[in-house]
Amino acid sequence: MGRIATAACVELVLALLAMGGAVAGERIAEITREEVVATIERAPGPSRGRADAPVVLVEFSDFQCGYCRVFRDETLPQLEAQYIQPGKVRFVYRHLAVLGEASVAAARASACAFGQDKFWEYHDALFRATSPFAFQASRLKQYAADLKLDGKAFAACLDGKKYARVVEAETMLGRALGATGTPSFLVNGQLLIGAYPFEVFQKVLDETLAGAAKKSGTGPR
């Protein structure tokens, strides 16, 4: 899918959301899986790694999810060192805010931080926050202050719910692709659900890289 199709898909999903959940649920089936995957992989949002990496690994995550925290703490650093930094994999973060209003608020706050080029730092701060009141508005604003974000702009973004529709759209798209829980992943469109250890990702990524190399004619014949 090219950029025009991807942009059209994003606009369609956002338009469906504006029309109401029931209508969106009926119409989402009209969008092809390839369009949804392309939207998730290429639409604006947090990512790491080379834009032209042969493999795209997408994480659908919720900041209240304990298994997502395990992935962030234990697996992502190894993926970063062995696949993302060497240019083999581009890692994309998408919201699957399914654990309540606090999850939605945290997702919106992280999007506000992304708007100030501080998503990953804010992402880490949210996963370090484990108290029952960690995602209250005052706490979310304090994390932004600790990271020296523009406090006034951040507060306006968070209080105005600027990215509410983006979080909702990503969550809808993730569910449409079969992401029934967090964390869920796409590896070049292939769905993988669960916080698996690094070795599982390593096997899937190596197989996908080999397949991509063979398809492009750069791998062993």
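There are 13 aromatic pairs in this structure, where the rings of Phe, Tyr and Trp (its six-membered ring) pair if their centres lie within 6.5 Å, and planes under 30 degrees apart count as stacked, over 60 as edge-to-face and the rest as tilted. Before I go on, let me say that this is a predicted model, in which local features need pLDDT of at least 70 and side-chain atom pairs count only at pLDDT 80 or more, while totals for chains, interfaces and linings use all residues. Residues are numbered from 1 along each chain as its sequence is written, and side-chain values use heavy atoms, with hydrogens and water left out.

One of those aromatic pairs is Tyr-83 with Phe-198, whose ring centres are 6.4 Å apart and whose planes meet at 50 degrees, so the pair is tilted. Because Tyr-83 lies in helix 4 (residues 66-84) and Phe-198 in helix 10 (residues 198-216), this pair ties together parts that are 115 residues apart in sequence; helices here (H or I, at least four residues) and strands (E, at least two) are DSSP runs, numbered from the N terminus. Tyr-83 is buried, at a relative accessible area of 3%, and Phe-198 is buried as well, at 5%, where buried means under 20% relative accessible area, exposed over 50%, and partly exposed in between, with a 1.4 Å probe and protein chains only.

Which residues form the aromatic cluster? Phe-63, Phe-71, Phe-91, Tyr-93, Phe-119, Trp-120, Phe-127, Phe-185 and Phe-201 make up one such cluster. Trp-120, a member of that cluster, also has a charge over its ring, since the charged end of Arg-48 sits 4.3 Å from the ring centre; the criterion is that NZ of Lys or CZ of Arg is within 6 Å of the ring centre and within 35 degrees of the ring normal.

Let me turn to the cysteines. The structure holds one disulfide, counted as a pair of cysteine sulfur atoms within 2.5 Å, and it is formed by Cys-112 and Cys-157, with their sulfur atoms 2.0 Å apart. Cys-112 lies in helix 5 and Cys-157 in helix 8 (residues 151-159), so the bond ties together parts that are 45 residues apart in sequence. Is this disulfide left-handed or right-handed? The torsion about the S-S bond of Cys-112 and Cys-157 is about -90 degrees, so the disulfide is left-handed. Both Cys-112 and Cys-157 are buried, and elsewhere in the chain Cys-65 is buried at a relative accessible area of 4%, as is Cys-68 at 0%.

Next, the backbone. Most residues other than glycine have a negative phi, and most peptide bonds are trans. Against that background, a cis peptide bond joins Thr-182 and Pro-183, with omega about -10 degrees, and Pro-183 lies in the loop between helix 9 and strand 4 (184-187). Asp-117, which is not a glycine, has a positive phi of about 60 degrees; Asp-117 is placed in the loop between helix 5 and helix 6 (119-128) and counts as exposed at 70% relative accessibility. Lys-148 likewise has a positive phi, near 65 degrees, lies in the loop between helix 7 (137-146) and helix 8, and counts as exposed at 75% relative accessibility.

Tyr-122, in helix 6, is buried at 0% relative accessibility, and its C-alpha atom is separated by 7.2 Å from that of Ala-144, 22 residues apart along the chain. Thr-208, in helix 10, is buried at 15%, and its C-alpha atom is separated by 7.1 Å from that of Val-55, 153 residues apart along the chain.

Finally, the second largest pocket. On a 1 Å grid over the protein atoms alone, a pocket is an open set of points where a 1.4 Å probe fits, with protein on both sides within 12 Å along at least five of seven lines, and lining residues have an atom within 4 Å of a point. About 270 Å³ of space lies in this second largest pocket, a volume being the space filled by probe spheres set on the points, which are joined across faces, edges and corners. The lining has 16 residues, and Ala-97, Glu-101, Val-104, Val-167 and Glu-168 lie nearest the centre. Which helix gives the largest share of the lining? Helix 9 does, with six residues, and helix 5 (101-114) and helix 9 (164-176) each supply at least two. By class, the lining has nine nonpolar, two polar and five charged residues, where Ala, Val, Leu, Ile, Met, Phe, Trp, Tyr, Cys and Pro count as nonpolar, Asp, Glu, Lys and Arg as charged, and the others, Gly among them, as polar.
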